[in-house]
Amino acid sequence: MRQTLHPVAYSTDLGTSPLSVRLLGEPLVVWRDSTGIAHATSDVCVHRGTALSGGCVKGDTIMCPYHGWQFDGNGKCTHIPQMEDPTKIPTKAKIAAHTCIEQYNMIWVSLEEPRRPLPAIDEFGAKEWIWVNCGPYEWNTHSSRQLENFTDFGHFPWVHPGLLGDINRPVVPDYEVRTEGHVVKYDITRPEAPNTDDFPVFANANTDAPTRTSHYEIHTPFTLLLHLGWGGKEGMVYFFVSQPIDDEHSRGFLIIGRNYNYDQPDSVLQDFEDVIFNQDKVIVESQLPKKVPFDITKELHMKFDAVALAYRKAMISHGFDN
Ligand code: FES
Ligand SMILES: [Fe+2]
């Protein structure tokens, strides 16, 4: 987990003020230097443990609000105002600095050198595709639960009747799952609910019993890339990724691309996803244990739970199960 890029903020949510975030239980401060480059360092000042996020950015450093010590993007202390000879800054005066990148309108942090790059989204940046940021959705549960909820389609008629599923057509059609390296893939064509007047977000018009074809990729540990369509040229891309705040808290980032409905305001999809995520939140926060039990003997799995099984196995085989 420490060698994986996790999202901590939307790029637009980080301005000139430092931002306090937590990742895998560690308090971090994310901030932009004078050129706009984002850095992620420890939020604990080496001097007296003060939260650096309560301070401010000064040039290319973050300055502690307590005694004004300054630290650069590598975590090195560059200024101690109380010292008479400023060239004598002790080498111990430093804080942890982490890999920090911006991609897909998000800021990503890896506590240690990341093992792999982010998944490629081919449509991102293509001119026919427009994108909307939703959330982030903060839930009192582990990221594995939040991710798994996004992979699960058997719950649609129950938790999202009339929006994502049709309660009169609850049977999960056959599908196959394959695992390639750290990625679990599956395709499914399934019944969905007709578009509603409140949320005309899907291009499935002209039928009372529409079907949706989805191609899912779970990039372990907590990323889901979903391409979906209804048989025509219109399509959507859902890129969902959960920030593991700690073992009982997570924050889901969702960017949605589409190649139709160009004039629709972002708020229509955002409001729709807010409704969906709030319906899920109640259910998923009630699940025990808070972290998905990766040991497959701990739950009851049915044939249509093949995705859940593959996810558990992939998490174990890539060392993400603790
Ligand atoms: S606690 Fe940060 S400078 Fe003293
Ligand atoms: Fe759901």
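Me: Where is P221?
Reply: P221 sits in the loop that runs between strand 14 and strand 15 (223–229). Helices (H or I, at least four residues) and strands (E, at least two) are DSSP runs, numbered from the N terminus.

Me: What kind of model and numbering is this?
Reply: This is a predicted model, where local features need pLDDT of at least 70, side-chain atom pairs count only at pLDDT 80 or more, and totals for chains, interfaces and linings use all residues. Residues are numbered from 1 along each chain as its sequence is written, while chains are lettered from A and ligands numbered from 1 in the order in which they are written.

Me: Back to P221. Is the peptide bond from T220 cis or trans?
Reply: The T220 to P221 bond is cis, and its omega is near 10 degrees. Another cis bond joins G135 to P136, with omega near 0 degrees. P136 belongs to strand 11 (residues 130–139).

Me: Which residue other than glycine has a positive phi?
Reply: Y104 is one of them, with phi near 55 degrees, and N261 is another non-glycine, at about 55 degrees. Most residues other than glycine have a negative phi, and most peptide bonds are trans.

Me: And where do Y104 and N261 lie?
Reply: Y104 is in the loop between strand 9 (97–103) and strand 10 (106–110). N261 is in the loop that links strand 17 (249–258) to helix 3 (266–286).

Me: Why does Y104 count as partly exposed?
Reply: Because 19 other C-beta atoms lie within 10 Å of Y104. A residue is buried if 20 or more other C-beta atoms, placed from the backbone, lie within 10 Å of its own, exposed if 12 or fewer, and partly exposed in between. N261 is partly exposed too, with 16 other C-beta atoms within 10 Å.

Me: New topic. What does the domain assignment give?
Reply: Domain 1 (6–110) and domain 2 (130–317). Domain bounds come from an automatic or database domain assignment. Taken over C-alpha atoms, the two centres are 35 Å apart.

Me: How many residues does the contact take from each domain?
Reply: Eleven residues from domain 1 and nine residues from domain 2. Two residues are in contact if their C-beta atoms, placed from the backbone, lie within 7 Å.

Me: What about H6? Buried or exposed?
Reply: H6, a strand 1 residue, is buried, with 27 C-beta neighbours inside 10 Å. Apart from residues up to four places away in sequence, H6 touches L23, W108, V109, Q243 and P244.

Me: Which residues touch the most other members of the largest nonpolar core?
Reply: V8, L28, V30, I107, V109, L224 and Y311, out of 56 residues in that core. Strand 16 (residues 235–246) gives the most to this core, six residues. Both domain 1 (6–110) and domain 2 (130–317) contribute residues, so this core lies between them. A nonpolar core is a set of buried Ala, Val, Leu, Ile, Met, Phe, Trp, Tyr and Cys residues joined through C-beta atoms within 7 Å.

Me: Which residues of helix 4 are buried?
Reply: V307, A308, Y311, R312, A314 and M315. Viewed down the helix 4 axis, these fall within an arc of 170 degrees, so they line one face of the helix. The arc is that of the directions from the helix axis to the C-beta atoms.

Me: What covers the buried residues of helix 4?
Reply: The cover includes helix 1 (143–151), strand 12 (177–180), strand 13 (183–191) and strand 14 (211–219).

Me: And what comes just after helix 4?
Reply: G319, with a positive phi of about 75 degrees.
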